[in-house]
Amino acid sequence: MSTIHADAPAIRLADVRFGYRPGQQVLDIPALEIARGARVFLYGPSGSGKTTLLGLIAGVLAGGTGRVEVLGTDLARLGGSARDAFRAQHLGYIFQMFNLIPYLSVRDNILLPTRLDAQRAARLRGQSPAQAATELAEGLDILSLLDQPVTELSVGQQQRVAAARALIGYPELVVADEPTSALDADRREAFLRLLFASCERVGATLVFVSHDQALAPLFSQRVSLPDINRAARPAAA
Amino acid sequence: MVLLSLALKSLRNRLLVSALTVLSIALSVTLLVGVENVRAGVRDSFAGTIRGTDLIVGARGGTMQVLMSTVFGMATPAGGITMGTYEQWKAHPAIKWTIPYSLGDSHRGFRVIGTTSEFFEHYRFRNERVTFAEGGAPTGDTDVAIGHDVAQRLGYRMGQKIVVAHGTGGVTFSEHQAHPFTVVGIIARTFTPIDRALYVTLAGIEAMHELEESGGAAPAAPPAGATAPGGAPLVMPGASGPPAGATAPGGAPLVMPGSSGPPAQAAPPPPPPAPKKPAHGEEGHEHVDGDEHDHDDEHAHGDDEAEHDHDDDKITAFFVGTQTRLETLRLQREMNDDTREPLTAIVPGVALAELWQGVGNAEVGLKVVAFFTVLIGLAGMLVSLYSSLEARRREMAILRAVGARPSTIVALLVLESGVLAVLGAALGVALVYAGLSLAQGPVEDRFGLLIPIRALGSTEWMYLALIVIAGFLVGLVPAWKAYRSSLVDGLSPRT
Ligand SMILES: Nc1ncnc2c1ncn2[C@@H]1O[C@H](COP(=O)(O)OP(=O)(O)OP(=O)(O)O)[C@@H](O)[C@H]1O
Ligand SMILES: [Mg+2]
């Protein structure tokens with residue numbers, strides 16, 4: 001298994017270039033470093049490559065050049081299945097919307113990472129999966145929803161379930177791709193606060209993508225993607 | 001296990017489509033397995049029409065003729081076997097038991113069979129013996145036991161008096177009014193041609209015909225003599241060109257012209273009817289040549305034997321049980337080579353199988369159709385799984401982000417289609433049995449056909465296995481697509 005270097009930064013990028021098609025250049029990032037335990041606000045206009053960058057960090061996208069080091073591990077060095085295993089073990093991911101598997105209950109959605117990956121289940125620090133889910137649900141204020149079908153939740157509740165799922169099994173890195181864009185301002189802040197608290201509790205680094213500058217002050221580190229991305233051209237608005 | 005529960009929940013989430021897919025597979029499985037099951041069942045019960053009998057022996061004729069006339073009561077028998085010959089064979093050391101059969105009479109369209117208690121003792125269908133719903137076997141010469149269908153259709157009860165007509169089929173001739181029979185037994189339903197027959201003793205047949213001859217009810221004779229003995233024209237293919245008319249009169253042609261030099265005949269039979277026989281034999285022998293101008297001779301025995309193919313001292317056929325099965329073929333050869341009287345001995349199992357072969361071709365057609373419906377069912381599943389994929393891209397992306405490997409995605413989809421196929425197969429089998437148990441009663445009543453409800457045979461299991469495997473394989477197609485798109489979509493599938 002990939003070894004985690006405790007002293008390595010959470011994320012380090014060097015000369016990363018990536019395009020979906022030959023000739024296309026979505027990202028060209030000479031350097032980016034994110035420290036352990038940081039709460040990073042990553043922003044940029046739509047189409048600037050935020051999701052693409054997260055895909056590289058999560059090891060879902062491959063085929064670029066340069067180094068993408070996550071928790072001290074060079075993802076490019078890992079094969080496809082090793083990257084999948086790495087992600088399953090060390091990463092939590094929250095989407096913008098539609099985060100949940102519609103045919104599973106809230107509880108089952110939260111438990112999904114531990115069910116799909118034994119290593120992730122082994123990281124529960126002695127808790128049973130049920131205990132872990134309950135604890136996270138409590139922290140995110142969705143305890144009463146655990147046995148409900150996810151199709152009956154409000155968007156804000158859904159995002160908290162998604163956060164709980166991303167956080168279960170103490171991942172070192174949580175990546176959130178505009179998880180608050182469908183929430184109104186009040187709910188957005190409430191959600192963020194719960195998310196921060198939970199990340200802190202499990203000791204996870206958070207990379208949070210948004211183009212909502214109003215949220216920026218809440219974070220410990222802010223990264224503007226167009227600023228670090230040489231490929232950034234003001235293409236689409 | 002996780003995957004299975006995921007797959008099941010996912011299928012339940014699309015309940016209607018899943019149910020319809022299962023149903024379409026189930027229906028095609030029903031057709032395929034049902035056809036096979038019923039076919040095998042009918043074949044078995046067909047093959048079970050007669051069991052335990054090693055040989056059926058009739059006058060020289062075709063295999064099918066012997067089988068059809070004795071077991072199925074359909075073709076006309078080819079002449080007869082003299083009692084003496086029968087007795088001789090009966091005493092053969094390789095033979096354990098025999099059942100004599102005398103055919104040629106009928107009652108309101110149902111066959112009347114003259115036999116002995118040996119029939120009730122030794123005859124087996126589907127390994128069962130003939131039993132009685134009421135009463136018992138005929139013993140006296142006015143006793144008759146009737147089959148289930150006969151009792152049902154004609155509404156006969158115990159004690160009913162019936163009159164037997166000469167000849168079979170729709171065309172009956174003189175009725176043996178002078179010798180009525182009394183129903184002493186109603187045979188329990190067998191689902192074989194036994195249900196459509198009446199059983200009297202050999203003595204009963206004899207008595208009936210003797211009465212007939214002596215005083216009797218106006219033989220519609222002379223013309224009948226020519227036709228009635230139905231079997232006559234069929235007799236002995238090669239033996240003697242023209243024996244048609246001659247057959248009836250006392251087995252004349254039963255001795256083959258060529259083989260006649262019969263020391264066998266000189267030796268022959270001990271039993272009482274014996275003396276009569278050689279006489280016939282010789283008589284017949286002379287006739288063979290001059291038979292063409294039958295008419296002159298006609299009265300000679302015309303009076304005597306009247307219109308009977310079942311001469312009183314002749315039987316139509318007999319069933320044989322051998323001491324040891326191994327001797328069957330040797331015995332069969334020996335009988336077929338008999339020089340005293342040309343016989344045809346058939347092995348009923350072989351003959352039945354031969355007969356079934358004819359039916360077999362229709363089966364193939366049916367099976368092809370059934371296979372195509374299975375293909376259609378599987379194609380339907382492919383379509384429904386494939387078209388649901390577009391809507392499930394999001395789901396796949398989530399699973400990937402949450403730790404599912406691409407192989408997990410593939411496994412999930414393959415599992416889903418496999419589950420559908422398994423459920424379809426199971427439901428199909430359930431439908432087969434539900435259908436069979438529903439149809440069984442009515443089919444029995446209406447057609448007198450026994451549809452056995454039997455366990456799945458190896459062929460059916462093989463079909464089911466093939467369908468399930470095909471189901472899993474079909475899942476590979478959408479799985480492959482999902483695999484590709486879940487990689488390409490990355491984390492932002494277009495929804
Ligand atoms: N699967 C793909 N195939 C080809 N091009 C893609 C694909 N996904 C994204 N792109 C392109 O890459 C660029 C960056 O897209 P990306 O989704 O990373 O932007 P984003 O910053 O996340 O935008 P938004 O804020 O709207 O989510 C866009 O120009 C987009 O058209
Ligand atoms: Mg995006």
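Okay, let's start with a lysine: B:K90 is partly exposed, with a relative accessible area of 29%. Before I go on, remember this is a predicted model. The partner of B:K90 is B:E118, and their side chains form a salt bridge at 2.4 Å, N to O. B:E118 counts as buried, at 17% relative accessibility. B:K90 sits in helix α4 (residues 83-90) of chain B and B:E118 in helix α5 (residues 117-122) of chain B, so this pair ties together parts 28 residues apart in sequence.

Over in chain A, there's one network of salt bridges with shared partners, joining A:R12, A:E33, A:R67, A:E69 and A:D74. One of its links is A:D74 to A:R67, with the closest N and O atoms 3.4 Å apart. A:D74 is buried at 9%, whereas A:R67 is partly exposed at 34%.

Back to chain B for another one. B:D54 pairs with B:R325, and their closest N and O atoms are 2.4 Å apart. These two sit in loops, and the bridge ties together parts that are 271 residues apart in sequence. Here B:D54 is buried at 6%, and B:R325 is exposed at 56%. Over all chains, the count is 28 salt bridges.

Now, the interface. Chain A puts in 28 residues and chain B 23. Together they bury about 2,300 Å², with carbon and sulfur atoms giving 66% of that. On the chain A side, A:F95, A:Y103 and A:L116 lose the most area, together 33% of what that side buries. And how many salt bridges cross between chain A and chain B? Three. B:K9 with A:D108 is a salt bridge too, at 3.0 Å, N to O.

Technical notes
Residues are numbered from 1 along each chain as its sequence is written. Chains are lettered from A and ligands numbered from 1 in the order in which they are written. This is a predicted model: local features need pLDDT of at least 70, side-chain atom pairs count only at pLDDT 80 or more; totals for chains, interfaces and linings use all residues. Side-chain values use heavy atoms; hydrogens and water are left out. Contact means heavy atoms within 4.5 Å. Buried area is the accessible area (1.4 Å probe) that two parts lose on being put together, summed over both. A salt bridge is a side-chain nitrogen of Lys or Arg within 4 Å of a carboxyl oxygen of Asp or Glu. Buried means under 20% relative accessible area, exposed over 50%, partly exposed in between (1.4 Å probe, protein chains only). Helices (H or I, at least four residues) and strands (E, at least two) are DSSP runs, numbered from the N terminus.
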